[in-house]
Amino acid sequence: MGMVLPELIPLLPQQDDFANLQARIIDRTVWSFEEPNANSKRTRLYWHDLVVPITNTAIGDDESAYNRVWYELEEAGYAYSGGIQPVRTILNPPAEIPTRGALGEVSVPYTDAYREPDPGAEYIYRLYYETVHWVTRAVDSSDGSIWYRLLDDKFDQQYYVPAKHIRLILNEELTPLAPDIPIENKRVEVRLDEQLLLAYENGQAIFAARISTGGKRLSGTYTTPVGNFTTYHKRPTRHMAAGDIASNGFDFPGVPWVVYITESGISFHGTYWHNDYGIPHSHGCINMTPQAAKWLYRWTMPIVPPEKLLVYGYVGTKVEIKA
């Protein structure tokens with residue numbers, strides 16, 4: 001199996017890849033510049049959750065930067081990629097939901113969830129692109145449109161979003177990767193100094209991804225533990241919330257492809273609240289792009305069947321975290 005480098009080397013899209021490619025502004029504000037360089041002239045100011053076309057990408061001039069990827073927005077200038085989530089707008093036909101439920105992925109830049117299947121109902125959350133949710137039912141809205149009811153796995157509540165904004169995840173997307181490799185011959189290595197994750201089969205590195213681990217926050221410094229661990233607890237989606245949002249707490253529904261390695265909650269997982277891999281950002285977890293996290297979720301043990309919300313046990317893939 002060849003080396004897979006989804007994040008380690010920034011690959012620039014081909015021209016056809018820009019069809020329907022958009023930027024969702026993650027940070028409070030983002031400036032674009034005439035050149036992929038923050039010292040060049042500012043051209044336009046963008047604000048949180050604004051969605052605009054990505055028309056090109058470029059590599060910044062600073063060769064010492066940990067992330068040199070910039071996005072050209074609307075052909076109006078270049079913006080640093082760390083505060084931008086690349087998204088698409090893909091609408092889906094409604095489908096019947098099995099009695100056991102089904103996994104679904106938000107396929108638009110964001111969709112708002114309500115207490116009832118009605119945009120006039122109580123607003124609950126904004127759900128972002130590539131977040132994953134457990135769909136429990138399809139229901140008719142008063143205007144004749146179809147909505148999905150989603151289960152909130154942390155607060156044991158349910159809320160509704162338009163069905164067209166959710167792509168149901170096929171079972172074949174969740175089939176284990178390299179299941180023929182004995183469990184003792186798979187290993188994950190995390191290098192904190194390089195902010196790098198490597199996956200090994202039979203002693204050979206077959207996957208690499210840039211990551212973001214524990215870093216300095218307003219409320220203190222958060223560390224990712226060093227040592228040897230096991231991927232004993234996995235779930236395809238988790239609502240992660242803790243602390244006071246006003247003082248650096250967090251509240252993230254639909255965190256995708258979660259692979260826990262400690263009882264205190266340290267895990268590998270997909271991230272949608274930043275795109276700035278290669279530097280510490282987290283409260284201790286190992287942040288990955290949703291695509292890289294999904295690969296790791298499928299490759300590690302234990303296996304989570306598509307109909308299960310989680311699997312919990314002490315037989316898993318070895319993980320070594322190095323300082």
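In which sense do β22 and strand β23 pair, and over how many bridges? They pair in the antiparallel sense, over two bridges. Keep that pair in mind for the close-ups below.

A quick note before you start: this is a predicted model, in which local features need pLDDT of at least 70 and side-chain atom pairs count only at pLDDT 80 or more, while totals for chains, interfaces and linings use all residues. Residues are numbered from 1 along each chain as its sequence is written, and side-chain values use heavy atoms, with hydrogens and water left out.

**View 1. An open sheet of five strands.**
The order across the sheet is β24-β23-β22-β21-β25, and the pairing is mixed. Strands here are DSSP runs of E with at least two residues, helices are runs of H or I with at least four, and both are numbered from the N terminus. Two strands pair if DSSP finds at least two bridges between them. β24 and β25 stand at the edges with a single partner strand each, so one side of each has no neighbour in the sheet. Now zoom in on β23 (residues 267–270): its Ser267 is the bridge partner of Tyr260.

**View 2. The largest nonpolar core, with 34 residues.**
A nonpolar core is a set of buried Ala, Val, Leu, Ile, Met, Phe, Trp, Tyr and Cys residues joined through side-chain atoms within 4.5 Å. Buried means under 20% relative accessible area, exposed means over 50%, and partly exposed is in between (1.4 Å probe, protein chains only). Look for Leu197, Phe268 and Met288, the residues with the most contacts inside this core. Among the elements that each supply at least two residues are β11 (132–140), β22 (250–260) and α1 (290–299). The largest share, six residues, comes from α1. In soluble globular proteins, nonpolar side chains tend to be buried together.

**View 3. Met288 and the residues it touches.**
Contact means heavy atoms within 4.5 Å. Leaving out residues up to four places away in sequence, Met288 touches Leu197, Ala209, Ile211, Phe268, His269, Gly270, Thr271, Tyr277, Ala293 and Leu296.

**View 4. Helix α1, mostly covered.**
Nine of the 10 residues of α1 are buried. They are Pro290, Ala292, Ala293, Lys294, Trp295, Leu296, Tyr297, Arg298 and Trp299, so you'll spot Lys and Arg among the buried residues as well.

**View 5. Strand β8, with five of its five residues buried.**
Ala102, Gly104 and Val106 point one way from β8, while Leu103 and Glu105 point the other way. β8 runs antiparallel to β11, joined by four bridges, and here Gly104 stands opposite His133. β8 also runs antiparallel to β14 (residues 166–168), this time with three bridges, and Glu105 stands opposite Arg167.

**View 6. Val106, at the end of β8 (residues 102–106).**
Is Val106 buried or exposed? Val106 counts as buried because its relative accessibility is 0%. Not counting residues up to four places away in sequence, Val106 touches Thr111, Leu127, Tyr128, Tyr129, Glu130, Thr131, His133, His165 and Ile166. Arg44, on the other hand, is 62 residues from Val106 in sequence and 28 Å from it in space, C-alpha to C-alpha.

Most residues other than glycine have a negative phi, and most peptide bonds are trans. You'll find Gln195 in the loop between β15 and β16, buried with a relative accessible area of 3%. Pro302 sits in the loop between α1 and β25.

**View 7. A nonpolar patch on the surface.**
Leu309, Leu310, Tyr312 and Tyr314 form this patch, with about 400 Å² of accessible area together. Patches are made of residues with over 30% relative accessible area and no salt bridge, where like charges are joined within 9 Å and nonpolar side chains (Val, Leu, Ile, Met, Phe, Trp, Tyr) within 5 Å. A salt bridge is a side-chain nitrogen of Lys or Arg within 4 Å of a carboxyl oxygen of Asp or Glu. Accessible areas come from the Shrake-Rupley method with a 1.4 Å probe, and for residues only the protein chains shown count as cover. Leu310 lies in the loop between α1 and β25 (311–312) and counts as partly exposed, at 33% relative accessibility.
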